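Here is a short tour of one protein chain and the ligand beside it.

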Amino acid sequence: MDKNAFQVCAEVLSNAEAGQRYRRMVLLAPEVAAAAKPGQFVNLRVGGGLDPLLGRPFGVFFAEPDSGRVEILYRPTGRGTHMLGAVQSGSRLGLVGPLGRGFTIEKGVEAHVAVGGGTGLAPVYFLAAEAARSGLPVWLLFGFRDCSFGLPEDLMRRTGAHFRLSSDAGEAGCLRGTAVDLLDLVLDRELAGKRTAVYTAGPAIMMKLAAEAAARRGFPCQASLEAHMACGLSVCRGCVVAVKGTAPDGGPLRRPVCTFGPVMNAAEIDWDRYLQGG
Ligand SMILES: Cc1cc2nc3c(=O)[nH]c(=O)nc-3n(C[C@H](O)[C@H](O)[C@H](O)COP(=O)(O)OP(=O)(O)OC[C@H]3O[C@@H](n4cnc5c(N)ncnc54)[C@H](O)[C@@H]3O)c2cc1C
Ligand code: FES
């Protein structure tokens with residue numbers, strides 16, 4: 001296990017809908033709350049017993065050292081996340097974390113922009129909240145297919161960041177377009193002429209395009225990757241992704257997301273291979 005991670009039996013304080021698409025679980029895990037950094041994740045045992053055998057990785061959505069609360073934001077998609085949806089307040093779940101390498105807040109920039117979509121909202125939300133708490137100028141951009149899929153306004157306001165939304169139809173309060181259209185707009189209009197750091201998490205294509213938008217302007221970009229995980233310890237190689245460079249055997253160089261990431265320098269990722277799932 002990661003030497004900076006804790007294995008705890010966390011009490012579930014609440015587990016409720018957060019908007020139409022997501023659920024937010026609040027857990028009491030003081031050691032983890034004190035240590036968690038934006039972009040890190042926890043491995044959560046979604047059932048009370050040994051079924052399912054493997055925990056599920058979730059980015060830390062929010063952590064509060066003072067109250068000892070750790071939050072995750074999840075979308076019920078498969079068996080494990082549906083089981084998680086049925087967990088009652090007062091239950092206890094096995095949790096290991098914080099795990100992996102998180103975001104590094106860039107120095108020498110005038111603004112920070114965090115861009116998220118899909119299940120990638122959690123890491124960039126926490127990053128934006130931490131950057132705003134440190135008094136840094138930070139924008140939080142979320143793209144949804146439909147604006148009604150977004151998070152409740154009180155949760156968005158909690159970050160203290162300037163938040164902007166996009167959706168396919170461009171309903172009131174949302175830009176019509178993708179999260180990357182929104183990123184271009186914010187960089188070119190609201191932050192024109194300002195050297196800006198970009199942080200992204202979400203669908204692979206969104207992260208690739210966000211990384212390209214940053215690279216075109218010469219801005220640094222960090223991306224939080226997702227990969228199917230089993231051991232979480234760099235052993236099974238189940239979560240490797242291709243990075244730029246050549247391996248000693250002449251093949252593509254690969255790195256495990258569980259320990260080398262999930263956050264990586266976007267310029268080092270082989271995005272075409274990542275898009276193909278490898
Ligand atoms: C670093 C990291 C952070 C994540 N953060 C979040 C988050 O904040 N919110 C959220 O909703 N989801 C997040 N995910 C994805 C989440 O772990 C999967 O949605 C979840 O594992 C699916 O589990 P399931 O049992 O519902 O689906 P099933 O399809 O039943 O899962 C079967 C197996 O596939 C694995 N798996 C399936 N989808 C994924 C996936 N996208 N990534 C990794 N493993 C997967 C599961 O761990 C499990 O072993 C994250 C994944 C990673 C790697
Ligand atoms: S999950 Fe086994 S190497 Fe990453």
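A residue counts as buried if 20 or more other C-beta atoms lie within 10 Å of its own. Keep in mind that this is a predicted model.

With that cut-off in hand, let's look at helix H3. How many of the 13 residues of H3 are buried? Eleven of them are, so H3 is mostly covered by the definition above. The buried stretch includes Leu-121, Pro-123, Tyr-125, Phe-126 and Glu-130. H3 covers residues 121–133 and reaches 18 Å from its first C-alpha to its last, close to the 18 Å expected. After the helix comes Gly-135, with a positive phi near 85°.

Now for the whole chain. Its secondary structure comes to eight helices and 16 strands. The radius of gyration is 18 Å, close to the 19 Å that the globule rule gives for 278 residues, so the chain is as compact as a globular protein of that length. Of those 278 residues, 46% count as buried.

Next, the ligand. Around ligand 1 there are 22 residues, and the closest are Tyr-74, Gly-78, Gly-80, Thr-81 and Thr-119.

E4 gives the most, with four residues. By type, the shell divides into eleven nonpolar, seven polar and four charged residues. Domain 1 (6–99) and domain 2 (111–275) each supply at least three residues to the shell around ligand 1.

How values were computed. Residues are numbered from 1 along each chain as its sequence is written. Chains are lettered from A and ligands numbered from 1 in the order in which they are written. This is a predicted model: local features need pLDDT of at least 70, side-chain atom pairs count only at pLDDT 80 or more; totals for chains, interfaces and linings use all residues. Helices (H or I, at least four residues) and strands (E, at least two) are DSSP runs, numbered from the N terminus. The expected span of a helix is 1.5 Å times one less than its number of residues. A residue is buried if 20 or more other C-beta atoms lie within 10 Å of its own, exposed if 12 or fewer, and partly exposed in between; C-beta atoms are placed from the backbone. A residue is near a molecule or strand if its C-beta atom, placed from the backbone, lies within 6 Å of it. Ala, Val, Leu, Ile, Met, Phe, Trp, Tyr, Cys and Pro count as nonpolar, Asp, Glu, Lys and Arg as charged, and the others, Gly among them, as polar. Domain bounds come from an automatic or database domain assignment. The radius of gyration is taken over C-alpha atoms; the globule rule is 2.2 Å times the number of residues to the power 0.38.
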